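Reader: Please show me the model, and then I will ask about its chains one at a time.

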Amino acid sequence: MNSYSQAFAWLADPAHWSGATGVPQRLLEHLGYTGLTLIVAIAIGLPVGLLIGHTGRGREVVVPFTGALRALPTLGLVILLALGLGIGILPPLIALVILALPPIIAGAYSGVESVDREVVDAARSVGFTGSGVLWQVEVPLALPLIVGGIRSACLQVIATWTVAAFLPLGGLGRFLYDALPNEDYAQLLAGSILVIVLALLVDGLFALVQRLVTPRGVLAGRTADIRTKTQSPTRKDPSWLAPEKA
Amino acid sequence: MIEFRAVTKRFPDGTLAVDELDLVIPPRQVTVFVGSSGSGKTTVLRMINRMVDPTAGTILIDGDDIATREPVALRRSIGYVMQNSGLLPHRTVVDNIATVPFLRGEKKKDARARARELMTVVGLDASLADRYPAQLSGGQQQRVGVARGLAVDPNILLMDEPFGAVDPLVRVELQTELKRLQRELDKTVVFVTHDIDEAFLLGDQVVLFKPGGTVAQRGTPSELLEHPADDFVAEFIEAGRPRSILR
Amino acid sequence: MIEFRAVTKRFPDGTLAVDELDLVIPPRQVTVFVGSSGSGKTTVLRMINRMVDPTAGTILIDGDDIATREPVALRRSIGYVMQNSGLLPHRTVVDNIATVPFLRGEKKKDARARARELMTVVGLDASLADRYPAQLSGGQQQRVGVARGLAVDPNILLMDEPFGAVDPLVRVELQTELKRLQRELDKTVVFVTHDIDEAFLLGDQVVLFKPGGTVAQRGTPSELLEHPADDFVAEFIEAGRPRSILR
Amino acid sequence: MNWVVTNWSQVSEYGLAHIWLSIPPIVIGFAISVPLGWVANRFAFSPGVLRAIRPVLLTVAGILYAVPSLPLFALLPSLIGTRILDPLNVEIALTLYAVALMVRTTADGLAAVSSDVKLSASAMGYGTARRFFGVELPLAGPVLLAGLRVVSVSTVSLVTIGSVIGVNSLGFFFIDGYQRAYLTEVWVGIIGTVIIALVFDVLLVLLGRWLMPWTRRQRISRDARLAAAEAVSA
Amino acid sequence: GNNGNPLSNDSGSKGSSGTITVGSAAFPENAILAYIYADALSDAGVKTDVKANIGQRDRYIAALKNDEIQLVPEYTGNLLQFLDSTSKVSSSDEVYSALQTAVKNGGGGKLDAGKAEVLDQAPGQDADSYNVTKKFSDDNHVTSLADLKNVKGELKVAANPEFATRPYGIPGLKSTYGVSATLTPINDSGGANTLKALLDGSVQLADIYSSDPSIAKNNLVTLADPQHLIAAQNVVPLISSKVASAKVKDTLNKVSAKLTTDQLSDMLKKSYNDKEASDQIAKEWVKANGF
Ligand SMILES: Nc1ncnc2c1ncn2[C@@H]1O[C@H](COP(=O)(O)OP(=O)(O)OP(=O)(O)O)[C@@H](O)[C@H]1O
Ligand SMILES: Nc1ncnc2c1ncn2[C@@H]1O[C@H](COP(=O)(O)OP(=O)(O)OP(=O)(O)O)[C@@H](O)[C@H]1O
Ligand SMILES: [Mg+2]
Ligand SMILES: [Mg+2]
């Protein structure tokens, strides 16, 4: 379609690749905003998630709470904060941290919870301390899910920072907001393509990280096929695995 | 010697798992707990290394009340082997065996060297050292579990249905191996099973639990066999016998 | 009568699960497949109701080649009971038992009424009818599984380690019950187990499988016991015997 | 509060519009994801290229999710020939997001159904289709529900972005409130959106209880719990 | 044909079933005007429907061309610029007559030739205007756009993003007055954040609509425009010819006749200061003016 060739022509134009409004600058800004958001969100969400997963406590409170966080419309939040705090990076930063928290927290607690209770129990039995269990057993085994949570948070943050260009900020969203009223569809499409490509690259990177952090021993245990094998008898009452105290 | 004095365990949900248990487990012998599902065998076993704390009563090891011992340190001094081995899936075989030495802060190199020795002791081929648990057969995993239990040369070894999940042929092999090991190492072993035949095969002393967490009878295998204390004991032993023409 | 003629099964990944099997399963008797893990028992069993199709060879039921039968219809005419019962967790006990009648399009009311009758036949209390499988004990679940297998009054009942996952005491009960049922109902039963004692207890005919999907020996329990065909058979039978002073 | 009372007609009009805009993407997204999820699993163990269907489907879903909503809304007319002011643009975009979120969940949920149960269903004579609708789909239900709840909440919240291109919902109050520097109005938009999301969520949970009576009385399996966990961490 | 511009989509005109759909741009004043048109028309017995908040000019003009809306309140100067960017006229009457021609000709394809028209223009104007703080004005002796040349240091203008390319925006400032300025894009059409940016000194100039009550409230200085960079901006209804019956024209012309700049300012005060909803303000005005 014609708009695509225009968009690629836009992308090919060297004029769009230099200066303070050029693609590299906007890309860096976007990455910077995204990184900052993730760092803040991880710093808040990860400890909370790990704690819930490890102790099994607080789930009843935090899980519905993160559900409610998901319901908060980011655009409204950005505007609300912008009206309250004025323009600047803070309003969208706060709004996007809120957006990023639910997947990060959920990834962390469900990751820890997904670790076989029998393994955790065995670790305690041989003399791991509480924090030993968390850091040497639960976290390594939960890492793929933890990274998975951060991964989807990151995708959403990259996509949503474009909405925040509603305010006088840089980032790739600038190309979109500046294009909309000026009928510059080539730029609109080009901007979208840039965001998508960025998201894909980052996503691919995370996929790689996720693979790298999956413990080798866990990978080794995965079988591809559903066998006819009937399992040997196992215990039926795992209730004693419920941690008596954390 | 491990001694239970009027030990009761009631779980927070109200289940009475162990009821006023008095029991002496003699040193350097194999004591087997046997009984049907839910009779409290695991709970009693786990009270020895303070994975479960009693609601009432005292437990003494060599005369010392374990309630005064720090649970983590206590656990590191007691070997523990469980069904499905409970190995750490993200650590290799040697590292699994050396878990407790690592925890105690021993040098990695020394701990690994000792772990390799233990592999020979429990009859594991040295070539398996760098595999992950998932790459082993069930029987091999159980051997790793036993090796891990022995890694700190504990006086006490707790085994909770360690051979419950393996093939009958492999099971026979592991039982024979355990008998050999016990002759060599001479530990205080507490072994849980619900197979009366296994209990009689391995136990110097057998403790038969009744549902509700009480002891139905305690004694040597021949005592139980020849003088069952009551109908429950007789019936339980009977169920374990082959009912086919094998008998 | 079920007849296997030179049946071979090689799975797509290359595993040779069954190798040139010739076997006759007589009608109105219990034939037990026994053997260690991976020896092909389940595969052979599943070929009877076409859950697995052989790579080569023919299987006949009462003289008809089953390869010509429509698999879904064939399965609905053969009872199947498996370990862990395989009940549908989202259906109540009666509805689980009435599954196949429902599938055949019978009236719900009639099918449920018959399911309730079957509950009595297999010794289940009527009050359990509206529970979900997860609310039953392991033994009760197995009974429901058996009732479901009998729901369409099939001539053939396939049972794959149906009692493998239950308590020894319950197991004895279920075995006794199965013997009683078989006397009453007089079906062709094919029963898989890896417990030689169970095989000898239940089987009119026992087929002992060797790893690699071949038959080591076939015969009545006393034939196997008195004249083991080779060392493998002798050793397998030996492993099943109690090794404690019970013997 | 006062403002809400005096402007109730506007609030309720946009609130209703919000609800109507939210429902189709959730429902249609779900309806599309189920067959896609089935396809993803169906060929997961097939030989050759078919095996690639699952990763390809899941990757495409991932890409869809990475598309920022605003330009998608604006560009859809040129891509599929819808009219400019048509709410359909927003509906289609949100449906795409719903599918993007839901396909993985459906695939995981269906894969987590115990193979024992599937096997015994086949052994009793369930045909493929019947087994899918009678056994696999209901048993994957709890996982699907977990995923659907996430989809529902995020759809209700994303609908607001439509206001930037004139497809009005409670999001209108954000734009209007922004231009008039009127915090109350923005609050009304946010709270209204959250209320709608929570009501949808409660309805979904109730619907799940009603459709899956057996889940009330038992724990779900470890695999299913894992799949549900993946769904909520999306 | 769809030559890649999503908004030049002319797929099937929906034969209007007697209902006139009034569109509006995404700022409160325009929405109020749209509701006024709609209310006045329905009082005159014409069925109407309002689609508020469509977006910027390109979107609602495209929607008009596409027959998704039939009527929209417009501003003469900006609409003329949009349809004919070469136009240099700036007085009210010149702009209006040039606009009539441009609309008739279809404005270079942005509208279909002969399918739309503008009705009478209202006396009321609401133009973009460059504003500075009183302090800036005093410190730098700036009261007119022409004075900006002499100001040392960077000049930043807070405005909507389209200001970067519009002839009355950054490019016009350069070509007409020789002033170089950069844009700080804020999407609130001269709203609170634009004002805030001006007051806290992060920009020196702000584009605020001349009828905005905040100009007076904050003591801002609106810079004079001696070279007529910003054309006259009388309010005018842009309508599809096929719905422009005598009755419709008559009603809208009566409305326009009463819309003075003061009236606009009053209504905006209600919106910005009293936070009334646009449709409410419109209703009151229509009632007060006897339709
Ligand atoms: N953490 C717990 N909370 C509540 N009840 C428990 C807990 N652990 C065990 N129980 C209950 O205590 C009783 C004894 O359990 P225990 O696991 O000691 O039995 P067991 O003899 O080991 O059984 P099995 O042969 O099945 O392993 C059972 O009724 C069990 O359900
Ligand atoms: N779908 C399959 N694909 C590939 N190999 C298979 C498949 N099903 C079974 N096998 C292999 O075929 C062989 C026979 O398996 P089968 O399940 O019949 O043994 P079994 O005697 O029932 O064992 P168990 O006692 O463990 O149930 C095994 O080596 C098994 O791994
Ligand atoms: Mg136990
Ligand atoms: Mg089998």
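Reader: How many helices and strands does chain A have?
Author: This is a predicted model, in which local features need pLDDT of at least 70, side-chain atom pairs count only at pLDDT 80 or more, and totals for chains, interfaces and linings use all residues. Residues are numbered from 1 along each chain as its sequence is written, chains are lettered from A and ligands numbered from 1 in the order in which they are written, and side-chain values use heavy atoms, with hydrogens and water left out. Helices (H or I, at least four residues) and strands (E, at least two) are DSSP runs, numbered from the N terminus. By that count, chain A has 10 helices and zero strands.

Reader: What percentage of the residues in chain A is buried?
Author: Buried means under 20% relative accessible area (1.4 Å probe, protein chains only). Of the 246 residues in chain A, the buried part is 58%.

Reader: What share of the contacts in chain A with a separation of 6 or more joins residues 24 or more positions apart?
Author: A contact means heavy atoms within 4.5 Å. For chain A, the share of such contacts between residues 24 or more positions apart is 74%.

Reader: In what order do the elements of chain D run?
Author: Chain D comes to 10 helices and zero strands. From the N terminus on, its order is α-α-α-α-α-α-α-α-α-α.

Reader: What box do the C-alpha atoms of chain D fill?
Author: Chain D has 234 residues, and 62% of them are buried. Taken along the principal axes, the box filled by its C-alpha atoms is roughly 65 × 45 × 25 Å.

Definitions and conventions: Buried < 20%, exposed > 50% of the residue type's maximum accessible area, 1.4 Å probe, protein only.
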